[in-house]
Amino acid sequence: MPSMQKDIVVDVPIKDAYDQWTQFESFPRFKDGVKEVVQLDEKTLRWRANVGGKEEEWEAEIVEQMPERHVAWRSTAGTPNAGSVMFEPLGIDRTRVALEITYETPGTAERLGDALGVLERRVEGDLKRFKSFIEGVRTPTGAWRGEIHGGRVERGGGGPTEPLR
């Protein structure tokens with residue numbers, strides 16, 4: 001399967017960048033083509049997105065999650081994909097967000113789009129929109145501070161999302 005790596009520096013503390021990234025249901029606000037993300041439980045997400053001009057749905061499992069460090073996932077049904085996002089502090093109010101995605105290009109249109117760099121540009125745009133979003137709100141819309149290791153929830157964070165108070 002093809003893969004790509006992209007990163008961006010956001011001007012917020014690592015805690016804020018990480019906390020916002022765990023609010024998966026907010027992804028349609030900054031991820032192009034994502035129509036809906038429903039968090040079914042602490043580690044299971046249902047996605048609906050426009051991929052290569054077609055609406056696709058899939059479920060994904062979060063297999064690793066360590067607060068302020070790392071989130072990794074893999075699809076379990078539907079469109080095959082996997083990935084991870086790493087968070088690296090670059091000072092008190094700066095964080096590098098590094099995204100790696102592995103995906104399958106099943107059809108001719110998807111393979112052509114991949115060859116033309118369509119997905120790569122979409123991911124770059126998503127990271128830029130995440131930067132604008134989190135820097136604009138300055139405070140995450142929620143947080144989940146639990147940990148997942150090997151697909152097992154090790155320490156819960158109060159449910160799928162935990163609004164900040």
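Analyst: Let's start with two words you'll need. Two strands pair if DSSP finds at least two bridges between them. Helices (H or I, at least four residues) and strands (E, at least two) are DSSP runs, numbered from the N terminus. One thing to keep in mind is that this is a predicted model, where local features need pLDDT of at least 70, side-chain atom pairs count only at pLDDT 80 or more, and totals for chains, interfaces and linings use all residues. Residues are numbered from 1 along each chain as its sequence is written, and side-chain values use heavy atoms, with hydrogens and water left out.

Let's zoom in on strand β4, residues 54–66. Strand β3 (residues 44–51) pairs with β4 in the antiparallel sense, over 8 bridges. β3 and β4 make a hairpin with 2 residues between them, and G52 in the turn has a positive phi of about 60°.

Now follow the chain onward. β4 and β5 are also antiparallel, joined by 8 bridges, and they make a hairpin with 3 residues between them. In that turn, E68 has a positive phi of about 65°. E64 is a handy landmark here: its bridge partner in β5 is A72, and E64 also stands opposite H149 in β8. Strand β8 (residues 147–149) runs antiparallel to β4, with 2 bridges joining them.

Side chains link β4 and β5 as well. A salt bridge (a side-chain nitrogen of Lys or Arg within 4 Å of a carboxyl oxygen of Asp or Glu) forms between R74 and E61, with the closest N and O atoms 2.7 Å apart. R74 sits in β5 and E61 in β4, so this pair ties together parts 13 residues apart in sequence. E61 is buried at 13% relative accessible area, while R74 is partly exposed at 40%. (Buried means under 20% relative accessible area and exposed over 50%, with partly exposed in between, using a 1.4 Å probe and protein chains only.)

H70 lies in β5, residues 70–78. At 15% relative accessibility, H70 counts as buried. Leaving aside neighbours within four places in sequence, H70 is in contact (heavy atoms within 4.5 Å) with Y18, E64, Q65, S84, V85, M86 and F87.

Rings of Phe, Tyr and Trp (its six-membered ring) pair if their centres lie within 6.5 Å; planes under 30 degrees apart are stacked, over 60 edge-to-face and the rest tilted. That gives 11 aromatic pairs. In one of them, the rings of W21 and F130 have centres 5.0 Å apart and planes at 75°, so the pair is edge-to-face. W21 is in helix α1 (residues 14–21) and F130 in helix α3, so this pair ties together parts 109 residues apart in sequence. W21 counts as buried at 3% relative accessibility, as does F130 at 0%. Ring pairs link Y18, W21, F24, F27, F30, W47, W58, F87, F130 and F133 into a cluster.

Of its 34 residues, V10, W21, F24, W47, F87, V97 and L99 touch the most other members. Helix α3 (residues 118–137) gives the most to this core, with 5 residues. V97 touches W21, F87 and F130, among others, not counting residues up to four places away in sequence.

V97 also touches K6, which lies in strand β1, residues 3–10. K6 counts as buried at 17% relative accessibility, and it forms a salt bridge with E124, the closest N and O atoms being 2.9 Å apart. That pair links distant parts of the chain, from strand β1 to helix α3, 118 residues apart. E124 is partly exposed, with a relative accessible area of 31%.

Altogether, the structure holds 18 salt bridges. Another is E88 with R96, where the closest N and O atoms are 3.3 Å apart. D11, R94, K131 and E135 are linked in a network of salt bridges.

Notes
Core = buried A, V, L, I, M, F, W, Y, C linked by side-chain atoms within 4.5 Å.
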